[in-house]
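Here is a briefing on one protein model. Read it alongside the coordinates.

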Amino acid sequence: MVDVSGHLAMALLFAAPAWLLWGRRGSLTFAGFTLVTAMLPDTDLVLRRVFPTVHHHGVTHTILFVTVASVVAGALAARLLTDHFEANRWVRSDAIREETVFVFATAGFLTGGTSHIFADLLSAPDIAPPLTPLWPLYARPIVIDVIYYDSVVWNFGLLAVALAVHFALFRSERSPIETAYRIGDT
């Protein structure tokens, strides 16, 4: 498990392909949203206060949990926020469909949660139990362990690289791919 800055850096790196799908506003929003969702698996730290059987690096650090939570959150966002986005001038779109909001929100949660699990795989055994991210299909721990948790070089170096990647993509002169879920051109 890298520290918070490492998790945010990994989320930004995982969010970089958004620049192929959406314009600048959509991509920046997606990157920001992914940053917010990057700590999703660490909800176990809060849940264990209420439910003593929950432990860190347990079920919330699985692809199954991240996927289910992402789909539920995406459905809720689509249902509750679509009308708000259509009325928002910053989005600059006359018709954002519920399906677009669902895909955007679900992808943001999946990207943030998956990036968190991947970052923890790179450093988990240092201070926390190893992860079983493929549970229940594969219940044995998976360990890569190439990053030390408190490594300033890894955490902030990775953050600097991620910010540089997004800055370069922001400055690039390219158009997003035409998709049914395109949010804007600028």
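His57 is buried, with a relative accessible area of 3%. Buried means under 20% relative accessible area, exposed over 50%, and partly exposed in between, using a 1.4 Å probe and protein chains only. This is a predicted model, where local features need pLDDT of at least 70, side-chain atom pairs count only at pLDDT 80 or more, and totals for chains, interfaces and linings use all residues. Residues are numbered from 1 along each chain as its sequence is written, and side-chain values use heavy atoms, with hydrogens and water left out.

- His57 sits in the loop between α4 and α5 (63-87).
- Its phi is positive, about 70°, although His57 is not a glycine.
- Most residues other than glycine have a negative phi, and most peptide bonds are trans.
- Trp135 and Pro136 are joined by a cis peptide bond, with omega about 10°.
- Pro136 is placed in the loop between α6 (98-121) and α7.

**Overall make-up**

- The protein chain has seven helices and zero strands. Both are DSSP runs numbered from the N terminus: helices are H or I with at least four residues, strands are E with at least two.
- Along the sequence the pattern reads α-α-α-α-α-α-α.
- The protein chain has 186 residues, and 41% of them count as buried.
- Its accessible surface is about 10200 Å², with 68% belonging to carbon and sulfur atoms. Accessible areas come from the Shrake-Rupley method with a 1.4 Å probe; for residues, only the protein chains shown count as cover.
- Take the contacts with a separation of 6 or more: 69% of them are between residues 24 or more positions apart. Contact means heavy atoms within 4.5 Å.

**Packing of α1 on α3**

- Helix α1 (residues 4-15) and helix α3 (residues 24-37) have axes that come within 9 Å and cross at roughly 145°. Axes are lines fitted to C-alpha atoms, for helices over the stretch in contact, and angles run from 0 to 180 degrees between N-to-C directions.
- The α1 and α3 crossing is right-handed. The term applies if the near helix is turned clockwise from the far one by less than a right angle, and left-handed if anticlockwise.
- On the α1 side are Leu8, Ala11, Leu12 and Ala15; they meet Phe30, Ala31, Thr34 and Leu35 in α3.
- The residues of this contact divide into seven nonpolar, one polar and no charged. Ala, Val, Leu, Ile, Met, Phe, Trp, Tyr, Cys and Pro count as nonpolar, Asp, Glu, Lys and Arg as charged, and the others, Gly among them, as polar.

**Aromatic pairs**

- The structure holds seven aromatic pairs. Rings of Phe, Tyr and Trp (its six-membered ring) pair if their centres lie within 6.5 Å; planes under 30 degrees apart count as stacked, over 60 as edge-to-face and the rest as tilted.
- Trp19 and Phe170 pair edge-to-face, at 6.1 Å centre to centre and 80° between the planes.
- Trp19 lies in helix α2 (residues 18-21) and Phe170 in helix α7 (residues 152-171), so the pair ties together parts 151 residues apart in sequence.
- Trp19 is buried at 1% relative accessible area, whereas Phe170 is partly exposed at 26%.
- The ring centres of Trp22 and Phe30 are 5.1 Å apart with planes at 45°, so this pair is tilted.
- Trp22 is buried at 3%, and Phe30 is buried at 4%.
- Ring pairs link Trp22, Phe30, Phe33, Phe104 and Phe109 into a cluster.

**Leu40**

- Leu40 is in the loop between α3 and α4 (44-50), and is buried at 14% relative accessible area.
- Leaving aside neighbours within four places in sequence, Leu40 is in contact with Phe65, Ala69 and Phe109.
- Leu40 and Ile117 are 77 residues apart in sequence and 9.5 Å apart in space, C-alpha to C-alpha.
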